[in-house]
Amino acid sequence: MRVLLTTHENADPDAIASVLVLKEIFKNAEVYLPKGPSKLSRNILNDLNISLDYLEDLDKNFDFVIVLDTSNEDFLRYLKEHCPRILVIDHHKVEKPLEDIDYLIFETPSLSEAIYLLFGRKISNKLLELLVYGILTDTSFLTRANQLTKTVVNQILAKTNKDIGYFISKLKKEPEQDVKIALSKALKRIKVFKKNDIFIALTYVSSYESLVASRLLKMYFDLVLVLAFKKKERLLRIVLRSRGQTKAFDIAKAIAKRLPGSNYGGHENAAIVNIRLEDQDLNKRKIIDKYLRLMIDVIKNDLENDSRKLKEITD
Ligand SMILES: [Mn+2]
């Protein structure tokens, strides 16, 4: 049986760790990584001295495909063309399961911890370390972790004989300069709104949108929306982060509802909307203005049951 393991584009550490653990179990399985691993994932794989062969295009058929860490409907439909049986193993909310596809969905902050709970005893030490990176990055350094996540992390640390600071310092060694530049631009462009006691930040960058969103949330905001325009990929991405009673996922859903052809996903407090920019003129200024206005309109009108006005503070 030809088995394929795959995940989302620019696979992040959570996705890569999950794929590699399954690859350790299904030794003959092939791996398909659309657009390859993310930059951060590549750095971590290098550091752990793990080499990974993968397909960048799907040019043959498989009997069975296991899709990890992604429930993107378009991607699943595409995979159906090459594979009759699909199993999705994920921790993102699935709003509308597709027919003929099997789902195994965990309500865990990272997929890596679920993979550990499934296969923990069989996983090699190197991949256990990779799972820690997956957990740390998917939970913003454990700020979105729950008790079970922490139990899993402690078990892995005991097995690998490393402390959490070791993994955190490796991750923090990221391209700090580039991140600072992206953050500086995000801060200059920031619009801050207030609705009751909720502080909302809205801004845009062209890279590091997830990192920027997480950093802003940590400052004092309750809801953060970061728009990223990816001209080369003809893609617009909105990264949302929240805490307290405001839910990033609900706002992502409300935005996507107004944009046919977009897709969204994530969790209560960390969500994303992807908008494909087909057949449009790609004038950066126009596009950014248009979507910023739309985002403001959504938070104005769809932010739950509160009749009090949204007020821009940075105006
Ligand atoms: Mn994940």
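With 315 residues, a compact globule would have a radius of gyration near 20 Å, and the protein agrees with this because its own value is 20 Å. Keep in mind as you look around that this is a predicted model. Along the principal axes, the C-alpha atoms fill a box of roughly 55 × 45 × 35 Å. Some 39% of the 315 residues count as buried. Among contacts with a separation of 6 or more, 56% join residues 24 or more positions apart. The secondary structure comes to 11 helices and 12 strands.

The largest nonpolar core holds 44 residues, and Val 224, Val 226, Leu 227, Leu 240 and Ala 252 touch the most other members.

Strand E8 gives the largest share, 7 residues. Leaving out residues up to four places away in sequence, Val 226 touches Ala 186, Thr 203, Tyr 204, Val 205, Glu 209, Val 212, Ala 213 and Val 239. Another core, of 40 residues, lies apart from this one, and Val 19, Val 67, Val 88 and Ile 135 are among its members.

A helix pair is also worth a visit. The axes of H4 (residues 111-119) and H6 (residues 147-160) come within 10 Å and cross at roughly 65 degrees, in a left-handed crossing. Here Glu 113, Tyr 116 and Leu 117 of H4 meet Leu 148, Thr 149, Val 152 and Ile 156 of H6. By class, this contact has 5 nonpolar, 1 polar and 1 charged residues.

Technical notes
Residues are numbered from 1 along each chain as its sequence is written. This is a predicted model: local features need pLDDT of at least 70, side-chain atom pairs count only at pLDDT 80 or more; totals for chains, interfaces and linings use all residues. Axes are lines fitted to C-alpha atoms, for helices over the stretch in contact, and angles run from 0 to 180 degrees between N-to-C directions. Helices (H or I, at least four residues) and strands (E, at least two) are DSSP runs, numbered from the N terminus. A crossing is left-handed if the near helix is turned anticlockwise from the far one by less than a right angle, and right-handed if clockwise. Two residues are in contact if their C-beta atoms, placed from the backbone, lie within 7 Å. Ala, Val, Leu, Ile, Met, Phe, Trp, Tyr, Cys and Pro count as nonpolar, Asp, Glu, Lys and Arg as charged, and the others, Gly among them, as polar. A nonpolar core is a set of buried Ala, Val, Leu, Ile, Met, Phe, Trp, Tyr and Cys residues joined through C-beta atoms within 7 Å. A residue is buried if 20 or more other C-beta atoms lie within 10 Å of its own, exposed if 12 or fewer, and partly exposed in between; C-beta atoms are placed from the backbone. The radius of gyration is taken over C-alpha atoms; the globule rule is 2.2 Å times the number of residues to the power 0.38.
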